[in-house]
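Please look through the structure below before reading the points.

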Amino acid sequence: MEVPRRPHSSSFTLALPKPASSTLSPLGAVEKVTKKGPMKETLQEKNSGTTDKDQFGEETDEESNVSVFVEAPAETSNTSTGETHLKLSSQDSFSEESSGTEERLAEEAREAKKKSEEEEAAAKERAAQRQLLAIEEMVQSERNYLRLLQVSTVTIRSNLQKLQPPPANLDCMFLYIEDVIDVSSRLLSLLDQKKVQPGDPFYLETLCDSFLSLSSDIEAAYKEYLANYNNVTVQENSYKQKEALWNEIVRVIKTSAPEVNATSMSFFLVMPVQRIARYPLLLQTIQKHTDTAHPAYALLEQTAHTSIALNCRINEYKRFREVADKYKKTETLTIKDKINRLNTHSIAKKTARLSQHIKHETGMAPKLVDEEFDALEGFFYVLEHGILELLENVETYLHHLQGFLACKTEEFDFDMDGEKAPICYKEITTALRQWILPTFEKRMRTLIHKPLCALRDLLVGPRNLIRKRLDKLLDYELLEAKSNLSYEDQAVANTYRTMNTLLLNELPQFNGLALQMIWSMLGTFSCLHKDLASDMEQLFQSFAQQLPHSSLDPSAFWGWAESAVLEGARRLETLCRSVDETLNAPVVQPLSPSSQRRLKQLTDKHGSGKIYQVMGTVVGSRDLDLNLAKGELVAIISEADSRGDKRRWLVDAGGRRGYAPSSKLIRYHQPADDPPPSPHLNLPEGVTGIRRHSYTPEGRPLTVMSQPCFQVFAAYDFTARGNHEVSVRTGEPVRILEPHDKRGNPEWSLVEARGGQRGYVPSNYLTIMPVGTGSLGPYQPYC
């Protein structure tokens, strides 16, 4: 029996025609949008047995069905209770599904937000961890770097110095490294003083503050070390040339630092070069992993920029030093080396410089004027002249001091053993020579002479740079006229700018330090003499009571001392003059017949007092100088040249006039008349004599052993002009002691007159006559 089924709602749907423009209620619109998927599935399940479809397909059926379920209650009032209950149940299920979807979307949003927050927190945590690792790397690498530098400078260096013999110029390899160690240890000390751990947020600020506070010291230490590093490599290469020495150095390095396995000193000494370039990289790494909202981010950014600028300045300074080292050296080249350096480029460059210099001097081209540099250059040359003059004076002072110490007067016997004054004198001079003056000389050499020599050597570099700057300036002026510069021209221009900047920056510092050293050395010189005076005063006071004039009052004592010194000086001057006159005997050369004619000509023109004879050959080396032969006669016109130099005299050489050195001219002594030739060298045959060739009071008279007796007489009057000559009268008998002067010149003879006076007389003023053959006037024979 078949159960009757309930009629389908399709008849109800057909009773409600669809309007042309149906408007869904707000709830229906929401339901349509939100329940489109589930409703489509429901309708598909209901219409699974139907084969015919509407022309709009499933979506049209769905919309119509939805319209039925939603709008039917509003249009149909006579519905059964079951239908109303069915419609309310469907609406409740749609509301529940809609609210569930909203909750799921909200939950998903919350989960996505939570996930993003977790990812952001994890990213921040990773960034903080990387920042911490970067900070720890910078600090820990600084500690390891400092430890290795200390190992190299303390342990390895001390062990190398113990080698026998120690390596030459070992200290040159460690120049300025103490400054690098000092600034690195100060940086770590500032971090340790704050007692802040790397994980603390304030540690980054402490690190940046410490680096910025030491930036100037870091630059000063590293720029000098890096500028000198080329010398380190050169010195190490010189050690490698000696195999035995290099093997010893490697052994010492491996023994002193076995944990690093180093085989050369450059392994340690190159670390500062690498470290200063690594500071910007480490700071930039820290900055990369630091949040911009971090309180120390701005300070960290400033520190990174400072490290980069610091490296740039150090590189610029190193470039300046390389230019200075290249041009400040003084090369000692042989002629062959100079010829080998000649090429077309160098010849063209020097020719261009010469032409540019000529244009400057003639005013054809303007010259670049730098008043600041010209003032520095002038002051440098004044300092150079003062330093060289002071050094010369100090060396002369020390030379005289050594001469004084060489005179060991206390070792001589004065034959005054019983007197107190000579004993005190010996004691005083002994103390001066053995204690006071040697100490004074040693201090002079250490505190004044040695620094002056070092300062003189330092003048070479700036002087060469100033001279080279002038050449580069001429090249630079030639380049200014060009519109387009090649690469080589740019290099030349940059070289001039570098040298000019270097001199403008460094020359004032050099001038200031040099001037300060000069004043310091002058003050030291004064203090040394004060100490010397104090020591000598203390020494003399111990012997003052034993001296005979110690009881005098100060004014009387100084009066006596002054008179005694003046009297001693007068006696010494007299003795020196006497010795000088004795040693400087006449050296007039004999005259030839032509010289006799020139003598008469010059005497008639200038007078006998202006006649001089040339002592040695004169070769002229300057304008208006004369070439004169030895023994030639000249007349003096002026005892100075046109500039007032008294070492060059204007002379008349018998028609030729010019200059001759005064040191090679001596006054010529000419007789009043033309005397006969000297007779004393040609004694008559059969006459022999015994003559004592000495200038002493014990000289025996000339004894003639045979008859007839011959006697030497003065044939003319001669008046002595100095202590080395003796005056004689015509007919006065004399005794010949030596027939020549001290230099062997026979034109003068050493004679003894009747009064026992001895001296020189012109040989041609003497004659030999037999006794009793002629009239002797009032004189008797001198036999």
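Notes on the predicted model

1. Leu175 has a relative accessibility of 36%, so Leu175 counts as partly exposed; buried means under 20% relative accessible area, exposed over 50%, and partly exposed in between, with a 1.4 Å probe and protein chains only. The model is predicted: local features need pLDDT of at least 70, side-chain atom pairs count only at pLDDT 80 or more, and totals for chains, interfaces and linings use all residues. Residues are numbered from 1 along each chain as its sequence is written, and side-chain values use heavy atoms, leaving out hydrogens and water.

2. Where is Leu175 placed? Leu175 sits in the loop between H5 and H6. Helices (H or I, at least four residues) and strands (E, at least two) are DSSP runs, numbered from the N terminus. Leaving aside residues up to four places away in sequence, Leu175 touches Tyr225 and Asn228; contact means heavy atoms within 4.5 Å. The C-alpha atoms of Leu175 and Asn231 are 9.7 Å apart, although 56 residues separate the two along the chain.

3. How do H6 and H8 pack? Their axes (lines fitted to C-alpha atoms, for helices over the stretch in contact, with angles from 0 to 180 degrees between N-to-C directions) come within 8 Å and cross at roughly 150 degrees. H6 and H8 are therefore roughly antiparallel to each other, a label used for angles over 145 degrees. On the H6 side, Ile177, Asp179, Val180, Val183 and Arg186 meet Asp217, Ile218, Ala221, Tyr222 and Tyr225 of H8.

4. Phe268 touches Leu148, Leu149, Ser152, Ile156, Ile253, Ala257, Val260 and Ala262, not counting residues up to four places away in sequence.

5. Of its 783 residues, 34% count as buried. Among contacts between residues at least 6 apart in sequence, 68% join residues at least 24 apart.

How values were computed
Angles under 35 degrees count as roughly parallel, over 145 as roughly antiparallel, 65 to 115 as roughly perpendicular and the rest as oblique.
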